[in-house]
Amino acid sequence: MRISSLLLGASLLAVAAPAAAQTAPTPATADAEAPTTTLREAMVQAYNTNPELSGERANLRATDEGVPLARASGLPTVSTSSSYSESLYDSGATAVSPPRTASVGIDASLPIYSGGSVANSVRAAERRVEAGRANLRGAESDLFVSVVTVYLDVMRYEAIVRLNRQNVEALKVNLQATRDRFEVGDLTRTDVAQSEARLALAESQLRGAEAQLIAARESYIRVVGTPPGALAAPPPLPDLPDSPDAAVRIALDENPSLAAARKAREASRFDTDVARASRLPKVSVNLGTDYYNRLGSLGNQASALGYTNDGVAASAGLSLSLPLFQGGRPAAQIRQAQARESQAIEQVTYIERAVVSQVRSAYANYQSTLRVIEASRVAVQANQLSLEGVRAENSVGTRTILDILNAEQELLNAQVNYVTAERDAYVAGFTLLAAMGRAEAEDLGLGGGALYDPMANYNNVRGRWSDWGTGNTPEPVATSTAQTPAQTPDVSNTLDPLLQHPVDTTYPDSSGD
C-alpha cells in the first residue's frame with residue numbers, strides 16, 4: 001500500500017493553507033504563499049537525520065555482532081608466549097643445569113565438541129538480530145507517526161491562529177461600532193463593556209493559540225530537524241480496512257513489535273539449550289611448539305654430554321573435560337534460562353494483547369473522527385447562518401450586542417473544533433496504519449536516496465574472524481538543531497472559504513431607519 005493511493009476528506013488542506021515561512025518579513029505579505037515543504041519531504045528528512053532512528057540503527061549493528069561473537073567460541077584459538085628466566089640460586093643444581101633460559105612458543109586449540117553450546121548460541125544470536133530488525137521497523141513507524149503528528153499539529157495551530165486573529169479583528173470592528181452607537185445614544189455603556197470584555201478574551205485566546213503554534217513548530221524541528229516553512233497539504237491516506245477484525249488480522253501478521261517479541265521468544269529457547277550444555281563434556285584438540293635458547297649458559301661438561309644451547313619442542317594432544325560437580329551452577333543456569341524463556345513466551349501474549357487493543361482503538365478513533373468532521377462541518381455552517389441571523393435581528397432591535405458576541409464565539413469554537421477534527425482524523429488514520437505494520441519506509445515508498453539496509457552490515461560482519469577487522473570511528477549521523485532560529489507565530493492570512501465569515505460593519509443609525 002502506498003500513502004498516495006486513496007483519499008481522506010481534505011478540508012484541513014484548505015483550512016491550514018500554507019503558512020508563512022519563518023523567513024517571511026511579515027505575515028501580511030504572505031496571503032497565498034507557495035508551499036516549501038511536503039509531508040513526504042519531511043518524512044525523508046526525518047528518516048535520514050533523526051537521532052532516535054539513527055541510534056536504533058547503531059543498536060542493531062551492535063546486535064549484529066552477537067553472531068560473530070557466538071561463532072568465535074567454536075573457532076580455533078592461537079596464542080604465543082615468550083619467557084626469560086635467570087637462575088639466582090638452586091641448591092640442587094648440577095653441571096648440566098642451565099643458569100638462564102629464553103623461550104618462545106605458539107599454542108593452538110580447536111574445540112571439537114561443546115555440548116551444542118556454540119551452535120545454540122549462534123542460533124540465539126541470529127534470532128536476536130531478526131528481533132532487532134523488527135524493532136528497527138517499529139522505530140521507523142513510530143518516527144513517521146511523530147512526523148505526521150507534528151506536521152498536522154503545525155497546520156492545525158496555524159489555522160487556529162488565523163481564526164483567532166480573524167475573530168479579534170471582527171471584535172475590534174464590533175467594539176468600534178458599539179462605541180459609535182453608544183456615542184449617539186443608541187446603545188448603553190453595558191453594551192460597550194460587553195464588547196470590550198469579549199475582545200480582551202479573544203486577544204488572550206489568540207496569544208494562547210500563538211504559543212501553541214510556536215510549540216508545534218519547535219516540536220516539528222525536534223522530529224524533522226529543520227523549521228517547517230510553508231507546509232503543503234498532506235497526501236491522501238491509503239485504503240484502510242473496513243472492520244476492526246480485518247485490521248487486527250493484518251496487525252497480527254505484520255506488526256513489528258509483535259514480530260520482535262516472537263523472535264525474542266525463539267532466542268530464549270536456544271538460551272536454555274546453551275545452559276544445558278554446561279553439564280555436558282567438552283573435547284578439544286591442542287597443538288603447541290616452542291623454541292628455547294639457553295643463551296650459551298651451558299658449560300663444557302653439559303656440551304660433552306650432548307646437551308645443546310637451543311632446540312625446538314612440539315606437542316599435540318586431545319583434551320576431554322567432563323564436569324562432575326559444579327556446586328549447582330548448571331542447574332541454576334538452566335532454571336534461570338527457563339524462567340526467562342517463560343517470560344519471553346508471556347511477553348508475546350502481552351504484546352499481542354497490546355497490538356489488538358491498539359488496532360481496535362485506532363480504528364474506532366479513526367471512524368469517530370470522520371463523524372466528528374461531518375458534525376463539525378455542519379456546526380460551522382449552522383453557526384455562520386446563526387451569526388448572520390443574529391446580526392440581522394440586532395439591526396431591527398430584537399437581538400442585543402451580547403447575542404452577537406455569543407454567536408461569534410460559538411462560530412469560532414465550531415471552526416476550531418472543525419480544524420481539530422480534520423487533524424485528528426488524519427493522525428488517527430496514519431496511527432492505524434502504523435499499528436497494522438504498514439507505515440514503514442518501504443510501505444510509504446520514500447525516495448530521496450537509498451533506504452537503510454539492515455542486512456548490509458549483518459552480511460558484512462557475520463563471517464568475519466580477524467581480530468583486527470574493526471569498524472570506522474563513530475561519527476554523528478543526525479543533524480543538530482541548535483542553530484535553527486526560534487520560531488514565531490507568523491502565519492499567512494489565507495483561510496478555507498468554509499471558515500470565513502464576513503464582518504458586518506453596517507449598523508442602523510440612531511433613528512432606527
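The model is predicted: local features need pLDDT of at least 70, side-chain atom pairs count only at pLDDT 80 or more, and totals for chains, interfaces and linings use all residues. Residues are numbered from 1 along each chain as its sequence is written, and side-chain values use heavy atoms, with hydrogens and water left out.

Start with the charges. The structure holds 22 salt bridges (a side-chain nitrogen of Lys or Arg within 4 Å of a carboxyl oxygen of Asp or Glu). One of them pairs Arg217 with Glu158, with the closest N and O atoms 2.9 Å apart. Arg217 sits in helix H6 (residues 189–224) and Glu158 in helix H5, 59 residues apart. Helices here are DSSP runs of H or I, at least four residues, and strands are runs of E, at least two, numbered from the N terminus. Arg217 counts as buried because its relative accessibility is 0% (buried means under 20% relative accessible area, exposed over 50%, partly exposed in between; 1.4 Å probe, protein chains only). Glu158 is also at 0%, so it counts as buried.

Another salt bridge joins Arg137 and Glu440, again with the closest N and O atoms 2.9 Å apart. This pair spans 303 residues: Arg137 lies in helix H5, Glu440 in the loop between helix H11 (401–435) and helix H12 (441–444). Arg137 is partly exposed at 27%. Glu440 is buried at 9%.

Glu408 and Arg391 meet in a salt bridge at 2.8 Å, N to O. Glu408 belongs to helix H11, Arg391 to helix H10 (residues 329–395). Glu408 is buried at 3%, and Arg391 is buried at 7%.
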